[in-house]
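Subject: Handover of a structure and its findings

Dear colleague,

Please find below the structure that I am handing over to you. My findings follow it, and I would be grateful if you read them with the structure open.

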Amino acid sequence: MPTFEVTAAELTAAEADVVAIPAVAAPSLDEDADEQADPPVPTLGPGAEQLAAAIDVDLGAECRALRFDGSVGSVARIPTRGAIPASLVLIVGLGKSEDLDAEAVRKAAAAVADATSRQRSMATTIPAGADRLEPARAAQAFVEGLSLGAYRFSHYKSKTDEHRLEQVAVHGTATDAVGDGVRTGDIHARAAAVARDLVNEPAANKRPPGFADRVRTLVDGTDVDITVLDEAALERGGYGGIIAVGKGSEAPPRLVELSYAPDGAERHVALVGKGITFDSGGLSLKSGSGMMTMKMDMGGAAAVVATVTAAAELQLPVRLTGVLALAENMPSATAQRPGDVYTARNGKTVEVLNTDAEGRLVLSDALAHASERQPDVVVDLATLTGAVVVALGNRIGGVLTDHDGLADGLLAASQTSGERLWRLPLPDDYREDLKSEVADLKNIGQQGVAGTIIGGLFLKEFVADGIPWAHLDIAGIAWSDKQYGYVRKGGTGAPVRTLLEWLTAGAGA
Ligand code: BES
Ligand code: MN
Ligand code: ZN
């Protein structure tokens, strides 16, 4: 992951392998325009004129010759033939000025990441002058897009195809606003990378005890304290859901509690993460293809670790409690059976009719545990249902809450981060689908009927009355099978940046 510096120096003075110049596309041609005519050349951003003079190239003519239109993510490559220290100039399209927002900058920056994977250093300027984009936001988005796009998980590759970009210098605008934006973007993107590394790790190497150790290492030396409950402590404490899911595996379950408690914090937020380190379905076994990506079923727990540690690095004035419910869902002679009943930490009994609806079982205890800390608000993050993928696809996550203020705060943060969320209802009358013949509730509703909502209604039973709570179903967005924009294949890091934006904005509910 590259490191960033901000300097007031001219771009032409940069000692870098590549110089990148932002370009804004010309407005669309009107209807009667001559289609045969040359398309208008994009407007080149700050530093372009001096650079053109230094390399003695008419950049506008080059753009025309290359048919470069400045659309978002388009890149023109122009060699400098020894005229300046950089051997290459990249002209990077930001799209039309009326559409220029943080998301466009992130996408353009990710295209720059793709174009610089074999280079060591880059110098650039931040696009200025867009009406709806303040310099700090533009700088943050640029750094996020570049770092997210340059992310690689190459730990298990013998011939590494590491992204080689090490240094990025942002020229021309060494204001505090730009400096702050760069720093924020860097911390947000590195937090996403923490979650992505955990999600991408093979399940064999992150079983619950090892996962807990790794979290210990991650928080070591930070302002985050950690407590780990092992299987004996969970048994003593009545964490029946985590025990029930974990008992099919040789690797015992864990509950990890993180605490960041800065002096003077007025709000206390609890973040709860589903941490199924592998979801085979248990005795209600999944198909082979159904479990192919199920190492990602701890994406919620990964997002909690990444968010809490980044919040501490940012010194956000919010108290945070993070709760990770870690278990491996495996079939075996010791596994829970369909029809078994467990008692959750809050005393409610649950009939488990499908062992593949396991996330809600570990979360039942984790939500009860978080409630005991008496936070002002609880948000849980869980790769909970395939149904949310049916409803919203792989690029939009579900938000379920009874609290309009909390929904609005999370949706606003999601607009800022570009990690899209959509609110789904939590109708009380659907609760009747969770009625059990033998226990207080059962863990599934009717097959194929409102699966995501039923999951949310189940979880609601374990949050103490009066605490505003939201459930984020991230089954679709925590993982991507495709590369697009600044998203790369594998773990996406969602919704870490959204949570950081929400916490930075005061975690309103
Ligand atoms: N981890 C899965 C949900 C999931 C599916 C995440 C696809 C990511 C991609 C979850 O534990 C699960 O198996 N849910 C079941 C619930 C059902 C049995 C009520 C599902 O969605 O089929
Ligand atoms: Mn499952
Ligand atoms: Zn699962």
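A residue counts as buried under 20% relative accessible area, as exposed over 50%, and as partly exposed in between, with a 1.4 Å probe and protein chains only. By this rule Arg373, at 32% relative accessibility, is partly exposed.

Some conventions apply throughout. This is a predicted model, in which local features need pLDDT of at least 70 and side-chain atom pairs count only at pLDDT 80 or more, while totals for chains, interfaces and linings use all residues. Residues are numbered from 1 along each chain as its sequence is written, chains are lettered from A and ligands numbered from 1 in the order in which they are written, and side-chain values use heavy atoms, with hydrogens and water left out.

The metal ions

I begin with the manganese ion (ligand 2). Its donors (N, O and S atoms within 2.8 Å of the metal, or 3.2 Å for Na, K and Ca; water is not among the atoms, so sites may look incomplete) come from Asp279 (OD), Asp356 (O and OD) and Glu358 (OE), at 2.1 to 2.2 Å. Along the chain, these donors follow the spacing D-x76-D-x1-E. The angles among the 6 donor atoms run from 71 to 170°, and the site is irregular. For reference, four donors are tetrahedral if all angles lie between 85 and 135 degrees; four are square planar and six octahedral if opposite donors are over 155 degrees apart and all others between 65 and 115; anything else is irregular.

Lys274 belongs to strand S10, whereas Asp297 is in the loop between S10 and helix H9 (299-313), the two being 23 residues apart. Helices (H or I, at least four residues) and strands (E, at least two) are DSSP runs, numbered from the N terminus. Both Lys274 and Asp297 are buried.

Ligand 1

Ligand 1 is surrounded by 15 residues, and the closest are Lys286, Asp297, Asp356, Glu358 and Gly386; a residue is near a molecule if one of its heavy atoms lies within 4 Å of it. A polar side-chain atom of Lys274 is 3.2 Å from an oxygen atom of ligand 1, and one of Asp297 is 2.9 Å from a nitrogen atom of the ligand. In the side chain of Asp356, an N or O atom lies 2.8 Å from an oxygen atom of ligand 1. On its own, ligand 1 has 510 Å² of accessible area, of which the protein covers 75%.

Salt bridges

The whole structure contains 24 salt bridges, each a side-chain nitrogen of Lys or Arg within 4 Å of a carboxyl oxygen of Asp or Glu. One of them joins Glu257 to Arg373, with the closest N and O atoms 2.7 Å apart. Glu257 sits in strand S9 (residues 254-260) and Arg373 in the loop between H10 and strand S14 (377-382), 116 residues apart. Glu257 counts as buried because its relative accessibility is 11%.

Lys286 pairs with Asp279 in a salt bridge whose closest N and O atoms are 3.8 Å apart. Lys286 is partly exposed at 21% relative accessibility, while Asp279 is buried at 3%.

Glu461 forms a salt bridge with Lys348, the closest N and O atoms lying 2.8 Å apart. Glu461 is buried, with a relative accessible area of 18%, and Lys348 is partly exposed, with 26%.

Helix H13

Finally, 8 of the 10 residues of helix H13 (residues 451-460) are buried, so the helix is largely enclosed by the rest of the structure. Among the buried residues are Thr452, Ile453, Leu457 and Phe458.

With kind regards

Technical notes. A polar contact is a pair of N or O atoms within 3.5 Å; within protein, one must be able to donate a hydrogen and the other to accept it, and residues adjacent in sequence count only if both atoms are side-chain atoms. Accessible areas come from the Shrake-Rupley method with a 1.4 Å probe; for residues, only the protein chains shown count as cover.
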